[in-house]
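Good morning, colleagues. Please look at the chain now on the screen, and I shall take you through its computed features.

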Amino acid sequence: MSAIFDFSSLVTVLLLIICTCTYVRAMRPSVFDGGLSADDLASPHLSYKRRSGIRGACWKASRIGERLSPYVSVVVAAMAFHILLF
């Protein structure tokens, strides 16, 4: 069965995407920033241009992982418990 149709697999895939994007952004921030300087990041129209498509989706997933890290870690632990026991 595809991960799209099984809720447990869908949540697991989403958590893996969030954790992977957060890790990649922590190790190499230029991957999602596109090599722009701090002055360029302040401009709203460049920010929108840079964060579209798959790179934008990964940037948003990394921000979720950064800002909601306690909640993400609780959900990861719950999913690990669910996968191991059920």
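Among contacts in the chain between residues at least 6 apart in sequence, what percentage join residues at least 24 apart? The value is 63%, where contact means heavy atoms within 4.5 Å.

A note on the source: this is a predicted model, in which local features need pLDDT of at least 70 and side-chain atom pairs count only at pLDDT 80 or more, while totals for chains, interfaces and linings use all residues. Residues are numbered from 1 along each chain as its sequence is written, and side-chain values use heavy atoms, with hydrogens and water left out.

The secondary structure comprises six helices and zero strands; helices are DSSP runs of H or I with at least four residues, strands are E runs of at least two, and numbering starts from the N terminus. Of the 86 residues, 22% count as buried, that is, under 20% relative accessible area, with exposed being over 50% and partly exposed in between (1.4 Å probe, protein chains only).

Let us turn to Ser62, in helix H5 (residues 53-67). Ser62 counts as buried because its relative accessibility is 0%. Its side chain reaches the backbone oxygen of Trp59 at 2.6 Å. Leaving aside residues up to four places away in sequence, Ser62 touches Cys21, Thr22, Arg25 and Phe32.

Val13, by comparison, belongs to helix H1 (residues 7-27), and it counts as partly exposed because its relative accessibility is 35%.

Finally, an unreviewed UniProt entry places a "transmembrane region" at residues 68-85; such annotations may be inferred rather than shown by experiment. Over residues 68-85, the chain is 94% helix and 0% strand, with the end C-alpha atoms 26 Å apart.

Conventions:
Polar contact = N/O pair within 3.5 Å; in protein donor to acceptor, adjacent residues only side chain to side chain.
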